[in-house]
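Let's take a walk through this model, one piece at a time. Keep the sequence and the 3D view open as you read.

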Amino acid sequence: MITRREFLQASVAASAIYGLSGFGNWSKLAAQQALTQDQLLQFDDFGNVTLIHVTDIHAQLKPIFFREPEINLGVGDARGKVPHVTGADFLKMFNIQPGSPEAYALTCEDFTALAKGYGRMGGMDRVATVVKAIRAARPDSILLDGGDTWHGSMTSFLTKGQDMVNVMNALGVDAMTSHWEWTYGTDRVKEIVESQLKFPFLGANIFDAEWDEPAFEPYKIFEKGGLRIAVIGQAFPYMPIANPGWMFPEYSFGIREERMQEVVDEVRAEGVDLVVCLSHNGFDVDRKMISRVKGIDVILTGHTHDAVPEPVIVGDTILIASGSNGKFVSRVDLDVRDGRMMGFRHKLIPIFSDVITPDAEMAALIDAERAPFKDQLEEKIGTTESLLYRRGNFNGSWDDLICDAVRSERDAQIALSPGVRWGTTLLPGDAITREDIHNVTSMTYGQCYRTEMTGETLKTVMEDVADNLFNTDPYYQQGGDMVRVGGLAYSIDVSKPIGSRISNLALTDTGEAIDAAKSYTVAGWASVNQGTEGPQIWDVIESHIRKIGTVRLEPNTSVTVTGI
Amino acid sequence: MNLSRREALWVGLGGLAAVATPGAVLAATTEELTSAFTGGAAPGTDGITLTAPEIAENGNTVPVSVSAPGAVAIMLLATGNPEPAVATFTFGPAAGSQMAATRIRLAKTQDVVALAKMADGSVKQAQATVKVTIGGCGG
């Protein structure tokens, strides 16, 4: 096997010729205040096979704004490491100029101003242009989709993922894995996988729940450029816990580290030249998994939405994180010889929508998919004077608006909103359309419930979610952010164990401390329980925004974070 | 508690007996059960593999399997349950392999412990933390 030393040499060799990484080229561009498609795609071919990775597109067919997190804390061994480095620290770590295109694409620094300058990112028609260009240069390419593809927009919700299936088929994906796909339910997933998808739906860790036996194709072996390349799929491990298990009761998931090792050993025994893992584990889980499972050359990670400009090397494995929402496409050229990877060259290609020409065929397909819903999508509901974003460990401004809507429309003291990592961004001055509201709420279990909880239950819920995020063992992390709260203030010490992280719970309206024995009215959405009742969350928000007309949010000071 | 095929699948033919621990009048503690099983021997940690999910998908039925080549008996304990004893599997000389798999109910987040007694009287131990969560919010 390749040693760490050899690996670093390979990496350095590439760097000596091309700068620190694909990103090294950008500083020049920033200085010129100009970007061109050719420069974004510039890549000197390397080795004999290319992997193209997209992940966590969340059904964003059109270009969007997506503000990267300001707070993304790492705990345990991950403390202070990528991807838990944000803002100015991130710029310093990767030697990126503030105000440059890469600073805009990769961090939250000065986001509003830079977004106005550099414009929206993503768009599947632009992604198609990039994919076609890479394939033209490298016919021996494999295009892999890490999942969270069929969910996240109004059109994907209304078509039960059909728009995304059609687009990904047209893009020519070679294999995918899954997470939110399952929230359309077993029947719909099977219908798509069995009769519509033109490529395999891989998941070595998807098991039959009753017999505990593998239930989906675990891997696919591709023959490219005279090489045999195994791509192993790893679906999101905590499906029935983080999402409603009743929608897919036939299946069990889990990290199943020993199963991953078994499958790697199986394809190695078949004599493949390269082993690639297409994973939806999340960054920290994958970093741990590849330190324990031997024989994976490249792991393409997903789920936690991290965009990292350089591969992370763990032992003999390189870990690639390609961001979310169509903002980036990763190109990874590999030199594979004698049954092993000898070196790599990598570039995280940012999809600046105003720079990359849309692929005409894909643009037409996207328009056709959207046409039946155009009027509904584009209807203006209100305007925002505040920057609206979600991503970050604690409340984003979109969450504050959603919690305001939930409390006001459902007449509750406290609002809870899920800490999902998807949800696009709106700039100050933007209109809020119905589609924008769906982009931060779309799901098949969006009922906005209203209930009563004791102070004790509230604390238990908060502690439980905090442990999903801040457990020092990545295998116990589910990859979401902290539950968002409205009407409730709290302190959190992220360095403590479960049960002692959360304190100082209080109602923001009165400042009154939460009493463990007292009951409070609580409203929220995205309950994983079957039979949850209430209006759809997007209707609740729409009604609230119509009443207020213009959104103006004060900075949220209700969460105090310590132990960083 | 009866173990049907659905609840317990075991590998190995002949000479294998599984004894589900009956509800005791007084629940024995993990320490009492451990010392009774080991006879005071300090357990080693190699040669035993316990496989359990990190986070239970359903705390009412958590798949757990344990393998200890050469064992004559394997005891499974759920240390955080009101009754920690889960089952003791014994293997006769004709057993093809010494491995057992079952599903257990876990009342809360806790360590599941497997102890294996070898033919020479030595003992091996493995444990795994299984989190029983109320559900989170996936990204």
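Helices (H or I, at least four residues) and strands (E, at least two) are DSSP runs, numbered from the N terminus. An unreviewed UniProt entry annotates residues 397-534 of chain A as "domain: 5'-Nucleotidase C-terminal"; such annotations may be inferred rather than shown by experiment, and the positions are in the numbering used here.

A word on what you're looking at. This is a predicted model, in which local features need pLDDT of at least 70 and side-chain atom pairs count only at pLDDT 80 or more, while totals for chains, interfaces and linings use all residues. Residues are numbered from 1 along each chain as its sequence is written, with chains lettered from A and ligands numbered from 1 in the order in which they are written. pLDDT is the predictor's confidence in each residue, from 0 to 100; chain A has a mean of 93, with 94% of its residues at 70 or more. Over residues 1-32 of chain A, though, pLDDT stays under 50.

Now find the open sheet of five strands in chain A, with the order 3-2-1-12-13 and mixed pairing. Strands pair if DSSP finds at least two bridges between them. Strand 3 (175-176) and strand 13 (340-350) of chain A are the edges, each pairing on one side only. Strand 12 (residues 328-337) runs antiparallel to strand 13 of chain A over ten bridges, and Val329(A) sits opposite Ile349(A) of strand 13.

Two loops here are worth a look. Asp338(A), in the loop between strands 12 and 13 of chain A, has a positive phi of about 50° without being a glycine. Asn325(A), in the loop between strand 11 (317-321) and strand 12 of chain A, also isn't a glycine, and its phi is positive, near 60°. Are these two buried or exposed? A residue is buried if 20 or more other C-beta atoms (placed from the backbone) lie within 10 Å of its own, exposed if 12 or fewer, and partly exposed in between. Asn325(A) is buried, because 28 other C-beta atoms lie within 10 Å; Asp338(A), with 6, is exposed.

Finally, helix 7 (residues 124-137) of chain A is mostly covered, with ten of its 14 residues buried, among them Met124(A), Arg126(A) and Ile134(A).

How values were computed. Contact = placed C-beta atoms within 7 Å.
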